[in-house]
2 protein chains.
Amino acid sequence: MHTPLCDTLGIEYPIFAFTHCRDVVVAVSKAGGFGVLGAVGYTPEELEVELRWIDEHIGDRPYGVDIVIPSKYEGMDSNLSGDELAEMLRSMVPQETLEFGRRLLTDHGVPLAEGDDNSLQLLGWTEATATPQVDIALQHDKVRLIANALGTPPVDMIERIQATGRKVAALCGSPYQARKHADAGVDIIIAQGGEGGGHCGEVGSIVLWPQVVKEVAPIPVLAAGGIGSGQQIAAALALGTQGAWSGSQWLIVEESANTARQQQAYIDASSRDTVRSRSFTGKPCRMLRNDWTEAWEKPENPDPLGMPLQYMVSGMAVAATHKYPDQTVDVAFNPVGQVVGQFRKVEKTSAVIERWVQEYLEATSTLDEINSAAAGV
Amino acid sequence: MHTPLCDTLGIEYPIFAFTHCRDVVVAVSKAGGFGVLGAVGYTPEELEVELRWIDEHIGDRPYGVDIVIPSKYEGMDSNLSGDELAEMLRSMVPQETLEFGRRLLTDHGVPLAEGDDNSLQLLGWTEATATPQVDIALQHDKVRLIANALGTPPVDMIERIQATGRKVAALCGSPYQARKHADAGVDIIIAQGGEGGGHCGEVGSIVLWPQVVKEVAPIPVLAAGGIGSGQQIAAALALGTQGAWSGSQWLIVEESANTARQQQAYIDASSRDTVRSRSFTGKPCRMLRNDWTEAWEKPENPDPLGMPLQYMVSGMAVAATHKYPDQTVDVAFNPVGQVVGQFRKVEKTSAVIERWVQEYLEATSTLDEINSAAAGV
């Protein structure tokens, strides 16, 4: 499954793995794919530590960093620094919404101390907080790609990254968004169907992928949303994409930092157990349905806030569930795509890549056999 | 694209075309595919007329008939005859809901006479009304397949159809429903992803298709939801299905009985202009979003009724929009899948089939080239 994009980035397989775990980044790139570290949860200082660790373990393989600069978010026109913006946004979180979030946690037996409100953090959800992450990433030679998970990156940032010889990618959920990325000069467009985990639109992959390919040709397109096997990668390439962008699978590998409890929740889930919910990030994001997501749907409860305000509330839940993983599955943040329904066990990362390559070859053989049968008729 | 299922049914390409238009059935089967007539809107007498016409025009090609026997519907345990059931259901339609539907139409300038309430018809939405349709279909030799669009057909009906040498198919939106079909003895399972037009679930095709293939193997699976090109068929076959079931494309062919106005509405639509709505049939069904679908979503308005009661109200809109197509686009029933976004013109049916076959071959060539490049590395 070697496409031109593989040569551009110096990789063997066009398998792009989005993950928040440095170990998975290393394992994927070493197995011939392309690991991409999600930076949104790290301060610049923490990100520097992670990237240095990856550099030391990845050998001569390349990898990527994924940031989040949404096209629209609260405070985006403020021109404030990260700290000032955080201060302003903090004051915009309604006490009632914050109290509702706290109560959801304590009602589920999560021990929540006053100090746990320090989760009213901004993280890297804005241009002001993502830019220092890009600054850090550009100091690491093996980082060959910066991807924006949500929206078109600012043109000056695109140009700054490209001037260093690196590539810029951006996710989209419609041909309209893909066109905006292309016009801004993005090198690689990631088309994510509505079945995808994390932030996604409503149009299904099988419909979206070829529309985006057609819209931005000859810019290479990666297929996201529903990638969890080599057959699905074969389908993606048949639809004109140059590779696959996956996230869900990497939550369920041995190298992942997810807890055993959380991995079991993913393994137990069917494809109908996910929901597009605004309850964690403020924008529609696919995750496992649980008490937290259901509570924010009820008309009598507060509405989720916009991005990045909602995470200043839900961050409490994320922090608490990291601290008390066994007590808090019903209010935890478990972003994942519908493809979760096909995963039945925890595997080693290298075994997943090998399996996908093998399945891909089987799928293309199947098509060859069908064509031979047709020729024989 | 010749699969074993083609030999089972005596066709050239595993392209199954669902349509309410007899002309399209004939055109598809004559072009090497397999036309399937949706029977739900016809009385047994009308259906007999349609099938006789098809028999006279289709040459020696086979075709299918699609009925609707939902797994659950109002009045399903009544054991009443069709006429008695219709009478009972008519009395269950709340006056307020009926008035709301009438007002929606008159507010949009649709001239609605008192007599137009004869649209409080039951149609073929129940076992009592679908069974006579099956009786008619079984009298036509060229009908080689009976499909149930919604739910597992009753076991005695499956056996009765199979005893005549015909095949039985049924649609599903989850591996769970597929298992029920398989256990009941259905010959062909149609897995329809959430992007599909008409009644559909929420799981996307790229995720659903391989799950259903795995669940019911070796029973052949047809891929539905997002089929509108040969590339999409290649993707479906790569995922282990034996063919494609399509509906949206056939609304936009020259042979279709859809009005020019309605075809233009489809051509103008993007993939984001469809919605899963209960406002016409009572069950979630994908269609173009318009004033009618939006009105039934509003909390202050009556909720849609269950199946088949809701159609006893919306049938008025369907009848009116057939009568006054140019005045009523905003309240018309336009079932279609997200794939509508890729259709840009009205084509001849035979040209569509030829295009799909050509595109399929191009897609498999692309995969061959990718494999050759990999072998050369």
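1. Let's start with a pair of charged side chains in chain B. Glu294(B) and Arg289(B) meet in a salt bridge, with N and O 3.7 Å apart. Keep in mind that this is a predicted model, and that every value here is computed from it. How exposed are the two partners? Glu294(B) has a relative accessible area of 39%, so it counts as partly exposed. Arg289(B), with 36%, is also partly exposed.

2. Now move to chain A, where Asp183(A) and Arg179(A) form a salt bridge whose closest N and O atoms are 2.8 Å apart. Why can these two be said to sit about one helical turn apart? Because they are four residues apart in helix H8 of chain A, which covers residues 175-184. Asp183(A) is exposed, at 59% relative accessibility, whereas Arg179(A) is partly exposed at 29%. The pair also belongs to a network of salt bridges that takes in Glu215(A).

3. Another pair to look up in chain A is Arg61(A) and Asp60(A), whose side chains form a salt bridge at 3.8 Å, N to O. Asp60(A) counts as exposed because its relative accessibility is 70%, over the 50% cut-off. Arg61(A), at 31%, is partly exposed. If you search the whole structure, you will find 22 salt bridges over all chains.

4. How many salt bridges cross the interface of chain B and chain A? The rule finds zero there. What it does find is 14 residue pairs in polar contact across that interface, both residues of each pair being at pLDDT 80 or more. Looking at chain B's side by class, you will see 21 nonpolar, 18 polar and four charged residues touching chain A.

5. Here is the interface in numbers. Each chain brings 43 residues to the contact, and together the two chains bury about 3300 Å², with 62% of that on carbon and sulfur atoms. Ile206(B), Arg272(B) and Leu367(B) provide 18% of the area that chain B buries against chain A, more than any other three residues.

6. H14(B) contributes the most, with eleven residues.

7. Ser205(B) is worth a visit in helix H9 of chain B. Is it buried or exposed? It is buried, because its relative accessibility is 0%. Setting aside residues up to four places away in sequence, Ser205(B) touches residues of chain A, namely Glu195(A) and Ile206(A), and residues of chain B, including Gly193(B), Pro210(B) and Ala224(B). For a sense of distance, Pro154(B) is 51 residues from Ser205(B) in sequence and 26 Å from it in space, C-alpha to C-alpha.

8. Finally, look inside. In soluble globular proteins, nonpolar side chains tend to be buried together. The largest nonpolar core here has 159 residues, and the members that touch the most others are Leu51(A), Trp250(A), Leu51(B) and Trp250(B). Beyond its neighbours within four places in sequence, Trp250(A) contacts residues including Ile15(A), Phe18(A), Val24(A), Val28(A) and Trp356(A). A separate second core of 37 residues includes Leu122(B), Cys285(B), Met287(B) and Leu309(B).

Key: Residues numbered from 1 in each chain as written. Chains lettered and ligands numbered in written order. Heavy atoms only, no water. Contact = heavy atoms within 4.5 Å. Buried area = accessible area lost by both parts, 1.4 Å probe. Salt bridge = Lys/Arg side-chain N within 4 Å of Asp/Glu carboxyl O. Polar contact = N/O pair within 3.5 Å; in protein donor to acceptor, adjacent residues only side chain to side chain. Nonpolar A, V, L, I, M, F, W, Y, C, P; charged D, E, K, R; others polar. Core = buried A, V, L, I, M, F, W, Y, C linked by side-chain atoms within 4.5 Å. Buried < 20%, exposed > 50% of the residue type's maximum accessible area, 1.4 Å probe, protein only.
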